[in-house]
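Keep the viewer open, and follow the strands as we go.

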Amino acid sequence: MADAYPKAASQAAAVQHPGAPGTSIGVNAWSECPEGRLCLWDNREAGGLRLAAIAAPNDWRLTSASVNRTNSVWNRTGATAYLRDDSCPIYLRVDPGDRLTDLGSIDRIGCDGNWNNKIDSGLFG
Ligand SMILES: [Ca+2]
Ligand SMILES: [Ca+2]
């Protein structure tokens, strides 16, 4: 489910530029994510502010201004990323190359609600 986006689709979408047709909310900024980074955005479809661009293999924690804001993710590292909400014991797994366009569509098993605006920290496995 969460990691079901095929790599080919990610690469095809990666060439989109801001304002490209097919984007749902304002500026689509997948191109803001450099190769080798895990990128998190404030809105769906890489919209809004890019909250972080994190290199593997470091454990990480978002700044206080950026926690509980992430709505989309792209893992451009070669490592599997595990994203965490401090209030939930499970991780959201994002495989290398995978892009999660809307965390609100991913229910949390064992915790309330979905992953929208929940991410605080993470690690690479
Ligand atoms: Ca948000
Ligand atoms: Ca949280």
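This is a predicted model: local features need pLDDT of at least 70, side-chain atom pairs count only at pLDDT 80 or more; totals for chains, interfaces and linings use all residues.

Two strands count as paired here if DSSP finds at least two bridges between them. The protein holds one helix and eight strands, and from the N terminus on its elements run α-β-β-β-β-β-β-β-β.

**Overall picture**

- Of the 125 residues of the protein, 31% count as buried.
- Among contacts with a separation of 6 or more, 46% are between residues 24 or more positions apart.

**The sheet with E1 and E4**

- One open sheet is built from four strands in the order E2-E1-E4-E7, with antiparallel pairing.
- Its edge strands are E2 and E7, each of which pairs on one side only.
- E4 (residues 72–75) pairs with E1 (residues 37–41) in the antiparallel sense over four bridges.
- On the way to E7 (residues 99–100), E4 is joined by two bridges, and these two strands also run antiparallel.
- Trp 74 is a handy landmark in E4: Cys 39 stands opposite this tryptophan, and Trp 74 also stands opposite Arg 99 in E7.

**Which way the side chains of E4 point**

- In a regular strand the side chains alternate between the two faces of the sheet.
- In E4, Ser 72 and Trp 74 point one way, while Val 73 and Asn 75 point the other way.
- Are these four residues of E4 buried or exposed? Ser 72, Val 73, Trp 74 and Asn 75 are all buried.

**The nonpolar core**

- In soluble globular proteins, nonpolar side chains tend to be buried together.
- The largest nonpolar core has 21 residues, and those touching the most other members are Cys 39, Leu 40, Trp 41, Val 73, Leu 83 and Val 94.
- At least two residues of this core come from each of E1, E2 (50–55), E4, E5 and E6 (91–94).
- Which strand gives the most to this core? That is E1, with four residues.
- Cys 39 is worth a click: leaving aside neighbours within four places in sequence, this cysteine is in contact with Glu 32, Cys 33, Arg 50, Ala 52, Ala 53, Val 73, Trp 74 and Arg 76.

**The sheet with E5 and E6**

- E5 and E6 run antiparallel and are joined by four bridges.
- Within this pair, Tyr 82 stands opposite Arg 93 in E6.

**A closer look at Arg 84**

- Arg 84 is found in strand E5 (residues 81–84).
- Why is Arg 84 classed as partly exposed? A residue needs 20 or more other C-beta atoms within 10 Å to be buried, and 12 or fewer to be exposed. Arg 84 has 19 other C-beta atoms within 10 Å, so this arginine is partly exposed.
- Not counting residues up to four places away in sequence, Arg 84 touches Tyr 91, Asp 120, Ser 121 and Gly 122.
- Arg 84 and Lys 118 are 34 residues apart in sequence, yet their C-alpha atoms are 7.9 Å apart in space.

Key
Residues are numbered from 1 along each chain as its sequence is written. Chains are lettered from A and ligands numbered from 1 in the order in which they are written. Two residues are in contact if their C-beta atoms, placed from the backbone, lie within 7 Å. A nonpolar core is a set of buried Ala, Val, Leu, Ile, Met, Phe, Trp, Tyr and Cys residues joined through C-beta atoms within 7 Å.
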